[in-house]
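I am opening a notebook on a structure I have not looked at before. My entries will follow the order in which I looked things up.

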Amino acid sequence: MKEIFDGIKTAVKDIAQALKYSDFGYTANQNATGDTQLKLDVLSDEIITKTLSKINLVKELVSEEKEKALKVSGDGEYIVAYDPLDGSSLVDVNFAVGSIFGIYKGSLNPANLVASVYSVYGPRTELVIAKDKVELFRLDKQGDFAFASELRLKEKGKLNATGGLQKGWDEKHKNLIKSLFDEGYRLRYSGAMVSDLHQILLKGGGLFSYPATSDAPKGKLRLSFEVLPFAFIYELAGGYAVDNEGKRLLEINLEKVHQTSPCYFGSKYEIDKVKACLA
Ligand code: P6P
């Protein structure tokens, strides 16, 4: 799988460069989930497609910006599902955004998710690779991703990242969020899941939630290239990732490429609380 990781590193470096000077306006098109595409969404998708489709191990690409899976020339057994630029609507306010990759062996099924990778384009360009452990790398002056540290979640954290329109939250979710703030948790939410989840991972714990809401009863975040890659990472780092019934996200039945799910990611104390509040 090293070839795939190396291909992702190359694409991430190219996207980091593109973000600095490219036009961050909107196109006239929408993606499969109805989001109006930014020129940077399309450019990032093109960069990743060009880079990964050359890798023989890769047989198919699934992207937030592509309606359907794209079969590529490789005769390998890996499917790479990715969000090319998560949080892209925040580039115009210069917030940290990133790319998210799930690497599936054989078919697009949570049980076949064998590795996850994500990048964060912030003051530094960082990369997290999760296969047998969760490792953080930072782009150095020589243009290489240098190993920085292994990432582990503690039993409990202090951060509460609360997604979704609050007027659309149900009572159980409202009570869960309030109980954490009543315990002194700090609100940390930027609107880019990749950056919000990265912060909780690097600070050692907390809760990120994007619940079912009245306007998004099945949640907003996409399973194959957003939710499941982070569920894999959080569990490997010693945390938990569940849906709004407290069930493991990595056991969900994935039927459609752009399928969404309510999602809760966090350390043990917080996810135990989620299960108790939502039961
Ligand atoms: P809301 C970004 O568009 C995104 O897909 C995730 O990165 C982020 O967590 C979520 O949507 C933000 O959605 O409804 O809170 O603005």
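Predicted model: local features only at pLDDT ≥ 70, side-chain atom pairs only at ≥ 80, totals over all residues.

**Entry 1: the annotated domains**

I began with the UniProt record, an unreviewed entry, which gives residues 4-147 the annotation "domain: Fructose-1-6-bisphosphatase class I N-terminal". Over residues 4-147 I find the chain to be 22% helix and 40% strand, with 17 Å between the end C-alpha atoms. The record, again as an unreviewed entry, places "domain: Fructose-1-6-bisphosphatase class 1 C-terminal" on residues 154-278. For residues 154-278 the values are 38% helix and 14% strand, and the end C-alpha atoms are 23 Å apart.

**Entry 2: the annotated binding site**

Next I looked up the feature "binding site", which the unreviewed UniProt entry puts at Asp86, Gly87, Ser88, Ser89, Tyr189 and Lys220.

Gly87 is found in the loop between S5 and S6, and I note it as buried because its relative accessibility is 12%, where the limit is under 20%. Apart from residues up to four places away in sequence, Gly87 touches Val97 and Ala192.

Ser89 also lies in the loop between S5 and S6, but with a relative accessible area of 43% I note Ser89 as partly exposed. When I leave aside the neighbours within four places in sequence, the contacts of Ser89 are Tyr26 and Leu38.

**Entry 3: helix H2**

I then turned to helix H2, which runs over residues 39-52, has 14 residues and reaches 20 Å from its first C-alpha to its last, close to the 20 Å expected at 1.5 Å a residue. Its buried residues are Leu40, Asp41, Ser44, Asp45, Ile47, Ile48, Thr49, Thr51 and Leu52. What do the buried residues of H2 pack against? I find that they pack against helix H1 (2-21) and against the strands S2 (36-38), S3 (58-63), S4 (70-71), S5 (78-86) and S6 (98-105).

**Entry 4: aromatic rings**

I describe a pair of aromatic rings by the distance of the centres and the angle of the planes. My count of such pairs comes to six.

In one of them, Tyr118 and Phe230, the ring centres are 4.8 Å apart and the planes stand at 40°, so I record the pair as tilted. This pair links distant parts of the chain, since Tyr118 belongs to strand S7 (residues 113-121) and Phe230 to helix H5 (residues 223-236), 112 residues apart. Tyr118 and Phe230 are both buried.

Phe208 and Phe265 form another tilted pair, at 6.0 Å centre to centre and 55° between the planes. Here too distant parts of the chain are linked, with Phe208 in strand S13 (residues 206-210) and Phe265 in strand S15 (residues 263-266), 57 residues apart. Phe208 counts as buried at 1% relative accessibility, and Phe265 counts as buried at 0%.

**Entry 5: the loop at Leu250**

Leu250 lies in the loop between strand S14 (240-242) and S15, and at 12% relative accessibility Leu250 counts as buried. In sequence Leu250 and Asn112 are 138 residues apart, yet their C-alpha atoms are 9.7 Å apart in space. Leaving aside neighbours within four places in sequence, I find Leu250 in contact with Pro110, Leu113, Leu228, Ala231, Phe232 and Glu235.

**Entry 6: cysteines**

I accordingly record zero disulfides in the structure. Cys263 is buried, with a relative accessible area of 0%, whereas Cys277 is partly exposed, at 25%.

Methods: Residues numbered from 1 in each chain as written. Heavy atoms only, no water. Disulfide = S-S within 2.5 Å. Buried < 20%, exposed > 50% of the residue type's maximum accessible area, 1.4 Å probe, protein only. Helix = DSSP H or I, 4+ residues; strand = E, 2+ residues; numbered from the N terminus. Expected span 1.5 Å × (residues − 1). Contact = heavy atoms within 4.5 Å. Phe/Tyr/Trp six-rings, centres within 6.5 Å; stacked < 30°, edge-to-face > 60°. UniProt positions renumbered as here; feature names shortened; annotations may be inferred.
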